[in-house]
Amino acid sequence: MATTTAISVSTLNGRHHKAALTIFMVIVVAHWAEHLVQAVQVYAWGWPLADARGVLGLPFPWLVTSEWMHYGYALIMLIGLVLLRKGFTGSSRTWWNISLGIQVWHHMEHLLLLLQKLSGLYLMGRPVPTSVLQLIWPRMELHLFYNAIVFAPMVVAMLLHRRAGSHAGATCTCAVAH
């Protein structure tokens, strides 16, 4: 069983790395779009926060309030960053690692929110589940910030990774010839 997993991760970071990164980025950008649409709904269109639910949250309002859904996305991000990490080398690996490190914290914040929701015990007696940094920043703005600081180094890593000549030691075919 361990050999099969190692081969799968190896293949994922080898010949299927480009496809895996593409799928991962579609998921990441779709999630980003949800947060950006919600921000537009609040700041550009003047909607009350309770009504600003992004694109999918309008027909499925439970998505916005589901800690399971938010935690699941944070976990998918964490797993994706871990699984695709071995395909990166050199400075692209450094940037990918920065994104991964920030996502570890982001994931922990969502785990804290989920545990509060499940237990009914909220941080510092707050009336709703509250993350650590949410004690300082409102939740919507905080999650825009988290997504930005995870996404930015991820994009830098991918741009460096795809640059021809900077692919020393890579086992994939992601580099673009110029």
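How far apart do the end C-alpha atoms of residues 144-160 lie, and how much of the span is helix or strand?

1. The end C-alpha atoms of residues 144-160 lie 24 Å apart, and the span is 100% helix and 0% strand. Helices (H or I, at least four residues) and strands (E, at least two) are DSSP runs, numbered from the N terminus.

2. A word on what you are looking at: this is a predicted model, in which local features need pLDDT of at least 70, side-chain atom pairs count only at pLDDT 80 or more, and totals for chains, interfaces and linings use all residues. Residues are numbered from 1 along each chain as its sequence is written, and side-chain values use heavy atoms, with hydrogens and water left out.

3. Helix α5 covers residues 90-119. Just after α5, G120 has a positive phi of about 80 degrees.

4. Several α5 residues are buried, among them W96, L100 and H106. Here buried means under 20% relative accessible area, exposed over 50%, and partly exposed in between (1.4 Å probe, protein chains only). The cover over the buried residues of α5 includes α2 (17-44), α4 (67-83) and α6 (139-162).

5. Now the cysteines: the whole structure has 0 disulfides, a disulfide being a pair of cysteine sulfur atoms within 2.5 Å. The sulfur of C172 is 3.5 Å from its closest cysteine sulfur, in C174, so it is too far for a bond. C172 is buried at 9% relative accessible area, and C174 is buried at 1%.

How values were computed: The expected span of a helix is 1.5 Å times one less than its number of residues. Contact means heavy atoms within 4.5 Å.
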